[in-house]
Amino acid sequence: MTKSILVINGPNLNLLGTREPGIYGEETLSDIEQRMIEKASLLGLSVDFRQSNIEGEIVNWIQEAQDGFSAIIINAGALTHTSVAIMDALLAVNTPTVEVHLSNIFKREEFRHHSYITPAAIGMITGFGAIGYLLAIDAINDVI
Ligand code: CA2
């Protein structure tokens with residue numbers, strides 16, 4: 001059976017490609033989804049790509065990931081720096097997780113330097129723009 005990766009995008013990432021291209025690039029979230037689907041299929045994997053502005057919805061998706069998904073790739077957006085609930089959900093499901101950020105969070109404001117996702121992830125890819133999501137597929141493919 002094809003292994004499936006759940007890709008979760010947090011608040012405001014639906015605005016990608018429309019504002020702040022200097023920080024987040026010119027590609028839309030839909031462009032990134034297409035590139036991920038193509039890359040995953042070359043590796044015999046499938047991708048379920050989602051975005052939500054609602055913390056609780058993201059927690060629900062993570063809980064559901066236990067049934068039917070081999071791995072999670074998550075860019076939790078600003079919730080990265082605030083959400084104990086997302087960290088707890090990721091720790092609870094025990095599904096291999098890679099954290100992605102478009103920008104290099106360590107080159108930005110101090111409050112972005114801490115992530116609640118990292119303790120629950122295998123690792124973090126930060127600062128490579130949209131390519132980071134594709135690198136995350138390679139990382140996941142090596143683990144699952
Ligand atoms: O660099 C990343 O991927 C971030 O997760 C993006 C978050 C930010 O809060 C994190 O510190 C780093 C913000 C996502 C908002 O995306 C926008 C896209 C276009 C226009 C405005 C916001």
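Student: Why is glutamate 27 called partly exposed?

Tutor: In this predicted model, glutamate 27 has a relative accessible area of 24%. Buried means under 20% and exposed over 50%, with partly exposed in between, so glutamate 27, at 24%, is partly exposed.

Student: What makes arginine 35 and glutamate 27 a salt bridge?

Tutor: The closest N and O atoms of arginine 35 and glutamate 27 are 2.6 Å apart. The criterion is a side-chain nitrogen of Lys or Arg within 4 Å of a carboxyl oxygen of Asp or Glu, and therefore this pair counts as a salt bridge. Arginine 35 has a relative accessibility of 30% and so counts as partly exposed.

Student: What makes the pair of aspartate 138 and lysine 39 a link between distant parts of the chain?

Tutor: The side chains of aspartate 138 and lysine 39 meet in a salt bridge at 3.0 Å, N to O. Aspartate 138 lies in helix α5 and lysine 39 in helix α2 (residues 29–42), and the two are 99 residues apart.

Student: Are aspartate 138 and lysine 39 buried or partly exposed?

Tutor: Aspartate 138 has a relative accessible area of 36%, so it is partly exposed.

Student: Why is α3 described as roughly parallel to α4?

Tutor: The axes of helix α3 (residues 55–64) and helix α4 (residues 84–93) cross at roughly 5 degrees and come within 9 Å. Angles under 35 degrees count as roughly parallel, which means that α3 is roughly parallel to α4. The contact involves Glu55, Ile58, Val59, Ile62 and Gln63 of α3, together with Ala85, Ile86, Ala89, Leu90 and Val93 of α4.

Student: Why does asparagine 9 count as buried?

Tutor: Its relative accessibility is 0%, and buried means under 20%, so asparagine 9 counts as buried. Asparagine 9 is in strand β1 (residues 3–9). Leaving aside its neighbours within four places in sequence, asparagine 9 is in contact with Leu29, Phe49, Arg50, Gln51, Ser52, Ile58, Asn75 and Tyr133. The C-alpha atoms of asparagine 9 and isoleucine 58 are separated by 8.5 Å, although these residues are 49 residues apart along the chain.

Student: Why is asparagine 94 called exposed?

Tutor: Asparagine 94 has a relative accessible area of 67%, and exposed means over 50%, so asparagine 94 is exposed. Asparagine 94 lies in the loop between α4 and β4 (97–101). Its phi is near 55 degrees, a positive value in a residue other than glycine. Asparagine 12, in the loop between β1 and α1 (21–24), has a positive phi of about 75 degrees although it is not a glycine.

Definitions and conventions. Residues numbered from 1 in each chain as written. Predicted model: local features only at pLDDT ≥ 70, side-chain atom pairs only at ≥ 80, totals over all residues. Heavy atoms only, no water. Axes fitted to C-alpha atoms, helices over the stretch in contact; angles between N-to-C directions. Helix = DSSP H or I, 4+ residues; strand = E, 2+ residues; numbered from the N terminus. Parallel < 35°, antiparallel > 145°, perpendicular 65-115°, else oblique. Contact = heavy atoms within 4.5 Å. Buried < 20%, exposed > 50% of the residue type's maximum accessible area, 1.4 Å probe, protein only.
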